[in-house]
Amino acid sequence: MNGEAPLHRAGTVSESRLQSNEELVIVQYLERLRAINSPLALSAEAWSQCELQARRIYRDCARSYTAGKPLVSDTHIAEVVDLGGERVRQGVHLTHSVRAGVLLFDLVLDRIVEWTEADQAPWSSYTAAVRSLQHSVGRRLEAGSIGYDSFMLARVREVHKQGHRKLAREIHDQIGNSLSLAMRQIELYELELSGRGEDVPKHVRAAREAVLETLASTRELVTELRRPTVAGSLETALNHFVTSMGDARTPVQLWVRGLDEWIPTAVSEELFLMVRECLRNVYRHAEAGNVVVHIDIAPHEIQTEVIDDGLGFDLPSVHRSGRSNGLTGLEERAELLDGTLNIDSSPGRGTHVTIWIPIKEDPAPPPLGPGRAPGIEGRR
(Lines give C-alpha, C1' and ligand atoms only; values in the text may rest on other atoms or scores of the structure.)
Protein backbone atom coordinates (compact mmCIF):
# COMPACT_ATOMS: atom_id res chain seq x y z
CA MET A 1 0.00 0.00 0.00
CA ASN A 2 2.25 2.76 -1.32
CA GLY A 3 5.12 1.54 0.82
CA GLU A 4 3.32 2.18 4.12
CA ALA A 5 3.90 -0.18 7.05
CA PRO A 6 0.96 -2.51 7.89
CA LEU A 7 -1.43 -1.57 10.69
CA HIS A 8 -1.09 -3.40 13.98
CA ARG A 9 -3.96 -4.31 16.25
CA ALA A 10 -3.90 -2.11 19.36
CA GLY A 11 -7.50 -2.43 20.64
CA THR A 12 -10.88 -3.84 19.85
CA VAL A 13 -10.77 -3.26 16.08
CA SER A 14 -9.08 -6.09 14.20
CA GLU A 15 -6.26 -5.49 11.72
CA SER A 16 -8.25 -7.09 8.85
CA ARG A 17 -11.24 -4.85 9.57
CA LEU A 18 -9.06 -1.73 9.62
CA GLN A 19 -7.47 -2.66 6.31
CA SER A 20 -10.78 -3.45 4.62
CA ASN A 21 -12.18 -0.14 5.84
CA GLU A 22 -9.12 1.62 4.47
CA GLU A 23 -9.68 0.24 0.98
CA LEU A 24 -13.37 1.23 1.18
CA VAL A 25 -12.43 4.80 2.13
CA ILE A 26 -9.95 5.05 -0.75
CA VAL A 27 -12.49 3.76 -3.30
CA GLN A 28 -15.21 6.13 -2.05
CA TYR A 29 -12.74 9.01 -1.94
CA LEU A 30 -11.84 8.56 -5.62
CA GLU A 31 -15.51 8.20 -6.60
CA ARG A 32 -16.50 11.43 -4.82
CA LEU A 33 -13.61 13.36 -6.33
CA ARG A 34 -14.66 12.19 -9.78
CA ALA A 35 -18.28 13.11 -9.03
CA ILE A 36 -17.28 16.77 -8.55
CA ASN A 37 -14.88 16.66 -11.53
CA SER A 38 -11.92 17.36 -9.29
CA PRO A 39 -8.64 17.66 -11.25
CA LEU A 40 -7.05 15.69 -8.42
CA ALA A 41 -8.89 12.58 -9.67
CA LEU A 42 -8.25 13.22 -13.37
CA SER A 43 -4.46 13.15 -13.25
CA ALA A 44 -2.68 9.91 -12.34
CA GLU A 45 0.12 11.83 -10.65
CA ALA A 46 -2.21 14.06 -8.65
CA TRP A 47 -4.38 11.11 -7.58
CA SER A 48 -1.34 9.10 -6.50
CA GLN A 49 -0.34 11.94 -4.18
CA CYS A 50 -3.92 12.25 -2.84
CA GLU A 51 -4.17 8.52 -2.23
CA LEU A 52 -0.91 8.47 -0.28
CA GLN A 53 -2.05 11.31 2.00
CA ALA A 54 -5.51 9.77 2.43
CA ARG A 55 -4.01 6.44 3.56
CA ARG A 56 -1.73 8.22 6.02
CA ILE A 57 -4.64 10.20 7.47
CA TYR A 58 -6.80 7.08 7.79
CA ARG A 59 -4.03 5.13 9.50
CA ASP A 60 -3.32 7.93 11.94
CA CYS A 61 -7.00 7.89 12.90
CA ALA A 62 -7.12 4.09 13.21
CA ARG A 63 -4.05 3.99 15.43
CA SER A 64 -5.40 6.83 17.54
CA TYR A 65 -8.72 4.99 17.95
CA THR A 66 -7.13 1.74 19.07
CA ALA A 67 -4.62 3.51 21.33
CA GLY A 68 -7.19 5.83 22.90
CA LYS A 69 -4.98 8.89 22.31
CA PRO A 70 -4.11 11.01 19.25
CA LEU A 71 -1.17 9.63 17.27
CA VAL A 72 -0.18 11.78 14.28
CA SER A 73 3.02 11.77 12.24
CA ASP A 74 4.09 15.43 11.84
CA THR A 75 7.02 14.33 9.68
CA HIS A 76 4.61 13.19 6.96
CA ILE A 77 2.62 16.41 7.27
CA ALA A 78 5.75 18.51 6.72
CA GLU A 79 6.23 16.82 3.35
CA VAL A 80 2.95 18.37 2.13
CA VAL A 81 4.55 21.82 1.89
CA ASP A 82 6.23 20.70 -1.33
CA LEU A 83 2.86 19.47 -2.61
CA GLY A 84 1.55 23.04 -2.54
CA GLY A 85 4.03 24.10 -5.20
CA GLU A 86 3.41 20.88 -7.09
CA ARG A 87 -0.30 21.72 -7.28
CA VAL A 88 0.56 25.03 -8.95
CA ARG A 89 2.73 23.26 -11.52
CA GLN A 90 -0.13 20.82 -12.14
CA GLY A 91 -2.52 23.73 -12.70
CA VAL A 92 -4.65 22.76 -9.68
CA HIS A 93 -6.04 25.65 -7.61
CA LEU A 94 -5.84 25.53 -3.83
CA THR A 95 -9.64 25.31 -3.51
CA HIS A 96 -9.58 21.81 -5.03
CA SER A 97 -7.29 20.64 -2.21
CA VAL A 98 -9.63 22.16 0.36
CA ARG A 99 -12.65 20.40 -1.17
CA ALA A 100 -10.75 17.13 -1.26
CA GLY A 101 -9.82 17.54 2.40
CA VAL A 102 -13.46 18.11 3.37
CA LEU A 103 -14.57 15.01 1.43
CA LEU A 104 -11.94 12.84 3.07
CA PHE A 105 -12.80 14.21 6.52
CA ASP A 106 -16.45 13.17 6.09
CA LEU A 107 -15.52 9.68 4.84
CA VAL A 108 -13.10 8.90 7.67
CA LEU A 109 -15.45 10.40 10.27
CA ASP A 110 -18.16 7.97 9.08
CA ARG A 111 -15.75 5.07 9.69
CA ILE A 112 -14.89 6.32 13.18
CA VAL A 113 -18.58 6.57 14.09
CA GLU A 114 -19.14 3.00 12.79
CA TRP A 115 -16.24 1.65 14.88
CA THR A 116 -17.50 3.39 18.00
CA GLU A 117 -21.09 2.16 17.61
CA ALA A 118 -20.12 -1.41 16.68
CA ASP A 119 -17.58 -1.83 19.48
CA GLN A 120 -19.37 0.29 22.04
CA ALA A 121 -15.93 1.81 22.46
CA PRO A 122 -15.09 4.23 25.25
CA TRP A 123 -15.38 7.96 24.64
CA SER A 124 -11.60 8.27 24.72
CA SER A 125 -11.24 6.15 21.56
CA TYR A 126 -13.74 8.25 19.63
CA THR A 127 -12.30 11.62 20.70
CA ALA A 128 -8.73 10.44 20.04
CA ALA A 129 -9.61 9.39 16.49
CA VAL A 130 -11.57 12.60 15.76
CA ARG A 131 -8.78 14.80 17.10
CA SER A 132 -6.30 12.88 15.01
CA LEU A 133 -8.52 13.38 11.95
CA GLN A 134 -8.83 17.11 12.59
CA HIS A 135 -5.10 17.46 13.13
CA SER A 136 -4.11 15.33 10.13
CA VAL A 137 -6.44 17.04 7.64
CA GLY A 138 -6.12 20.54 9.06
CA ARG A 139 -2.33 20.53 9.27
CA ARG A 140 -2.01 19.13 5.75
CA LEU A 141 -4.27 21.83 4.35
CA GLU A 142 -2.28 24.44 6.26
CA ALA A 143 1.06 23.07 5.05
CA GLY A 144 -0.21 22.78 1.49
CA SER A 145 -1.47 26.37 1.49
CA ILE A 146 1.91 27.56 2.78
CA GLY A 147 3.65 25.75 -0.04
CA TYR A 148 1.12 27.07 -2.57
CA ASP A 149 1.49 30.67 -1.34
CA SER A 150 5.28 30.41 -1.23
CA PHE A 151 5.41 29.14 -4.80
CA MET A 152 3.08 31.89 -6.03
CA LEU A 153 5.03 34.54 -4.13
CA ALA A 154 8.24 33.35 -5.74
CA ARG A 155 6.57 33.69 -9.12
CA VAL A 156 5.38 37.21 -8.33
CA ARG A 157 8.87 38.17 -7.23
CA GLU A 158 10.31 36.75 -10.43
CA VAL A 159 7.81 38.72 -12.53
CA HIS A 160 8.67 41.82 -10.49
CA LYS A 161 12.37 41.19 -11.09
CA GLN A 162 11.82 40.67 -14.82
CA GLY A 163 9.84 43.92 -14.94
CA HIS A 164 12.75 45.77 -13.36
CA ARG A 165 15.16 44.23 -15.83
CA LYS A 166 12.93 45.17 -18.77
CA LEU A 167 12.71 48.75 -17.51
CA ALA A 168 16.49 48.82 -17.09
CA ARG A 169 16.96 47.68 -20.69
CA GLU A 170 14.53 50.31 -22.00
CA ILE A 171 16.22 53.10 -20.04
CA HIS A 172 19.61 51.94 -21.25
CA ASP A 173 18.60 51.48 -24.88
CA GLN A 174 16.36 54.53 -25.32
CA ILE A 175 17.28 57.25 -22.84
CA GLY A 176 20.91 56.23 -22.62
CA ASN A 177 21.24 56.14 -26.40
CA SER A 178 19.64 59.59 -26.80
CA LEU A 179 21.94 61.07 -24.17
CA SER A 180 24.97 59.54 -25.85
CA LEU A 181 23.93 61.08 -29.16
CA ALA A 182 23.46 64.46 -27.50
CA MET A 183 26.90 64.16 -25.92
CA ARG A 184 28.41 63.28 -29.28
CA GLN A 185 26.87 66.39 -30.88
CA ILE A 186 28.34 68.58 -28.14
CA GLU A 187 31.76 67.00 -28.62
CA LEU A 188 31.63 67.57 -32.38
CA TYR A 189 30.67 71.22 -31.83
CA GLU A 190 33.57 71.64 -29.39
CA LEU A 191 35.96 70.13 -31.94
CA GLU A 192 34.64 72.51 -34.57
CA LEU A 193 35.22 75.50 -32.28
CA SER A 194 38.66 74.23 -31.38
CA GLY A 195 39.55 73.88 -35.07
CA ARG A 196 38.65 77.52 -35.57
CA GLY A 197 40.67 78.53 -32.54
CA GLU A 198 37.58 79.64 -30.61
CA ASP A 199 36.82 79.05 -26.93
CA VAL A 200 33.89 76.85 -25.94
CA PRO A 201 31.05 79.11 -24.69
CA LYS A 202 30.03 78.86 -21.05
CA HIS A 203 26.53 77.60 -21.87
CA VAL A 204 27.98 74.78 -24.01
CA ARG A 205 30.26 73.69 -21.15
CA ALA A 206 27.24 73.78 -18.82
CA ALA A 207 25.24 71.65 -21.27
CA ARG A 208 28.11 69.17 -21.44
CA GLU A 209 28.23 68.87 -17.65
CA ALA A 210 24.47 68.44 -17.46
CA VAL A 211 24.48 65.66 -20.05
CA LEU A 212 27.40 63.90 -18.32
CA GLU A 213 25.60 64.08 -14.98
CA THR A 214 22.39 62.73 -16.50
CA LEU A 215 24.32 59.91 -18.18
CA ALA A 216 25.88 58.98 -14.84
CA SER A 217 22.48 59.05 -13.12
CA THR A 218 20.98 56.91 -15.88
CA ARG A 219 23.73 54.31 -15.56
CA GLU A 220 23.25 54.26 -11.80
CA LEU A 221 19.48 53.86 -12.17
CA VAL A 222 19.96 50.95 -14.57
CA THR A 223 22.38 49.33 -12.11
CA GLU A 224 19.93 49.75 -9.23
CA LEU A 225 17.07 48.24 -11.23
CA ARG A 226 19.21 45.18 -11.91
CA ARG A 227 20.12 44.72 -8.28
CA PRO A 228 17.92 42.53 -6.09
CA THR A 229 15.46 44.30 -3.81
CA VAL A 230 13.94 42.89 -0.64
CA ALA A 231 13.35 39.19 -1.37
CA GLY A 232 13.50 37.29 1.87
CA SER A 233 14.75 39.01 5.03
CA LEU A 234 15.61 42.70 5.28
CA GLU A 235 19.02 41.78 6.61
CA THR A 236 19.74 39.51 3.64
CA ALA A 237 18.71 42.18 1.13
CA LEU A 238 20.93 44.80 2.76
CA ASN A 239 23.86 42.39 2.93
CA HIS A 240 23.41 41.69 -0.78
CA PHE A 241 23.50 45.42 -1.50
CA VAL A 242 26.64 45.94 0.58
CA THR A 243 28.32 43.01 -1.17
CA SER A 244 27.31 44.30 -4.60
CA MET A 245 28.98 47.65 -3.88
CA GLY A 246 32.28 45.82 -3.39
CA ASP A 247 33.95 48.65 -1.44
CA ALA A 248 36.44 47.04 0.97
CA ARG A 249 37.60 50.50 2.10
CA THR A 250 34.29 51.08 3.88
CA PRO A 251 33.42 48.05 6.04
CA VAL A 252 29.79 47.89 7.13
CA GLN A 253 28.66 46.29 10.39
CA LEU A 254 25.00 45.32 10.12
CA TRP A 255 22.75 44.26 13.00
CA VAL A 256 19.06 43.43 12.65
CA ARG A 257 17.08 42.51 15.78
CA GLY A 258 13.47 41.34 15.68
CA LEU A 259 11.34 39.42 13.21
CA ASP A 260 10.78 40.37 9.56
CA GLU A 261 7.27 38.93 9.87
CA TRP A 262 6.34 41.92 12.05
CA ILE A 263 6.96 44.35 9.17
CA PRO A 264 4.31 44.79 6.44
CA THR A 265 5.87 44.15 3.02
CA ALA A 266 5.40 47.74 1.82
CA VAL A 267 7.14 49.12 4.93
CA SER A 268 10.00 46.64 4.55
CA GLU A 269 10.55 47.75 0.95
CA GLU A 270 10.55 51.44 1.91
CA LEU A 271 12.93 50.91 4.81
CA PHE A 272 15.28 48.97 2.56
CA LEU A 273 15.33 51.86 0.08
CA MET A 274 15.97 54.40 2.85
CA VAL A 275 18.88 52.47 4.38
CA ARG A 276 20.27 51.82 0.90
CA GLU A 277 20.19 55.55 0.14
CA CYS A 278 22.06 56.26 3.38
CA LEU A 279 24.71 53.70 2.49
CA ARG A 280 25.02 55.06 -1.05
CA ASN A 281 25.66 58.53 0.37
CA VAL A 282 28.38 57.07 2.60
CA TYR A 283 30.05 55.31 -0.34
CA ARG A 284 29.87 58.42 -2.52
CA HIS A 285 30.80 61.22 -0.16
CA ALA A 286 31.79 60.20 3.36
CA GLU A 287 35.22 58.54 2.86
CA ALA A 288 34.36 56.68 6.07
CA GLY A 289 36.54 54.09 7.73
CA ASN A 290 33.61 52.38 9.43
CA VAL A 291 29.83 52.24 9.02
CA VAL A 292 27.32 50.77 11.50
CA VAL A 293 23.72 49.93 10.58
CA HIS A 294 21.47 48.93 13.45
CA ILE A 295 17.81 48.01 12.84
CA ASP A 296 15.59 47.14 15.80
CA ILE A 297 12.22 45.64 14.77
CA ALA A 298 9.41 45.49 17.34
CA PRO A 299 5.75 44.54 16.78
CA HIS A 300 4.73 48.22 16.88
CA GLU A 301 7.74 50.15 15.55
CA ILE A 302 11.10 50.05 13.79
CA GLN A 303 14.13 51.99 15.02
CA THR A 304 17.03 52.34 12.56
CA GLU A 305 20.42 53.97 12.89
CA VAL A 306 23.08 54.45 10.21
CA ILE A 307 26.33 55.81 11.65
CA ASP A 308 29.62 56.57 9.87
CA ASP A 309 32.92 58.17 10.94
CA GLY A 310 33.46 59.95 7.63
CA LEU A 311 33.85 63.55 6.53
CA GLY A 312 30.39 64.69 7.60
CA PHE A 313 28.67 67.72 6.10
CA ASP A 314 26.73 70.88 6.92
CA LEU A 315 23.08 70.03 6.33
CA PRO A 316 21.80 73.61 5.74
CA SER A 317 24.57 74.22 3.20
CA VAL A 318 23.68 71.06 1.31
CA HIS A 319 20.02 72.10 1.13
CA ARG A 320 20.94 75.58 -0.07
CA SER A 321 23.23 74.20 -2.76
CA GLY A 322 20.40 72.23 -4.39
CA ARG A 323 22.35 68.94 -4.03
CA SER A 324 19.99 67.41 -1.48
CA ASN A 325 17.72 65.27 -3.68
CA GLY A 326 18.74 62.10 -1.87
CA LEU A 327 18.14 63.62 1.57
CA THR A 328 14.82 65.08 0.44
CA GLY A 329 13.79 61.62 -0.78
CA LEU A 330 14.59 60.18 2.66
CA GLU A 331 12.47 62.84 4.34
CA GLU A 332 9.56 62.21 1.97
CA ARG A 333 9.66 58.44 2.49
CA ALA A 334 9.71 58.85 6.26
CA GLU A 335 6.76 61.25 6.07
CA LEU A 336 4.75 58.87 3.86
CA LEU A 337 5.23 56.15 6.49
CA ASP A 338 4.20 58.56 9.28
CA GLY A 339 7.72 58.18 10.65
CA THR A 340 10.52 60.53 11.58
CA LEU A 341 13.98 61.14 10.15
CA ASN A 342 16.82 62.84 12.00
CA ILE A 343 20.22 63.60 10.45
CA ASP A 344 23.01 64.69 12.79
CA SER A 345 26.18 65.65 10.93
CA SER A 346 28.87 68.29 10.83
CA PRO A 347 32.15 68.60 8.89
CA GLY A 348 34.83 66.29 10.25
CA ARG A 349 32.53 64.54 12.73
CA GLY A 350 30.77 61.92 10.62
CA THR A 351 27.03 61.40 10.22
CA HIS A 352 24.35 59.81 12.38
CA VAL A 353 20.98 59.08 10.70
CA THR A 354 18.06 57.96 12.86
CA ILE A 355 14.83 56.63 11.33
CA TRP A 356 11.70 55.78 13.32
CA ILE A 357 8.73 54.09 11.61
CA PRO A 358 5.51 53.00 13.34
CA ILE A 359 3.93 49.65 12.44
CA LYS A 360 0.21 50.25 12.25
CA GLU A 361 -0.76 46.68 11.45
CA ASP A 362 -0.74 44.22 14.31
CA PRO A 363 0.32 40.87 12.87
CA ALA A 364 0.72 38.09 15.39
CA PRO A 365 4.36 37.07 15.82
CA PRO A 366 5.23 33.65 14.35
CA PRO A 367 5.58 30.70 16.71
CA LEU A 368 9.00 30.33 18.24
CA GLY A 369 11.12 27.49 16.99
CA PRO A 370 14.32 25.94 18.33
CA GLY A 371 17.04 28.51 18.79
CA ARG A 372 14.71 31.51 18.38
CA ALA A 373 14.02 33.99 21.14
CA PRO A 374 11.47 36.82 21.26
CA GLY A 375 12.75 39.92 19.52
CA ILE A 376 15.94 38.29 18.21
CA GLU A 377 16.28 37.28 14.57
CA GLY A 378 19.34 36.99 12.41
CA ARG A 379 21.69 38.97 14.67
CA ARG A 380 25.23 39.11 13.38
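Which residues have the most contacts inside the largest nonpolar core? They are Val275, Leu279, Val293, Ile295, Ile302 and Val306, in a core of 37 residues.

A quick word on the source. This is a predicted model, where local features need pLDDT of at least 70 and side-chain atom pairs count only at pLDDT 80 or more, while totals for chains, interfaces and linings use all residues. Residues are numbered from 1 along each chain as its sequence is written, and side-chain values use heavy atoms, with hydrogens and water left out.

Now the terms. A nonpolar core is a set of buried Ala, Val, Leu, Ile, Met, Phe, Trp, Tyr and Cys residues joined through side-chain atoms within 4.5 Å. Buried means under 20% relative accessible area, exposed over 50%, partly exposed in between, with a 1.4 Å probe and protein chains only.

Helices (H or I, at least four residues) and strands (E, at least two) are DSSP runs, numbered from the N terminus. H10 gives the largest share, ten residues.

Five strands form an open sheet, in the order E1-E2-E3-E5-E4, with mixed pairing. Strands pair if DSSP finds at least two bridges between them. Why is one side of E1 and of E4 left without a neighbour in the sheet? Because both stand at the edges, each with a single partner strand. E1 and E2 pair in the parallel sense, over six bridges. Trp255 stands opposite His294 in E2.

Last, the aromatics. The structure holds four aromatic pairs. Rings of Phe, Tyr and Trp (its six-membered ring) pair if their centres lie within 6.5 Å; planes under 30 degrees apart are stacked, over 60 edge-to-face, the rest tilted. Tyr65 and Trp115 make a tilted pair, 5.2 Å centre to centre, with 55° between the planes. Tyr65 is in helix H3 and Trp115 in helix H6, so the pair ties together parts 50 residues apart in sequence. Both residues are buried. Ring pairs link Tyr58, Tyr65 and Trp115 into a cluster.

Compare helix H7, which holds both Trp123 and Tyr126. Trp123 counts as exposed, at 65% relative accessibility. Tyr126, at 22%, counts as partly exposed.
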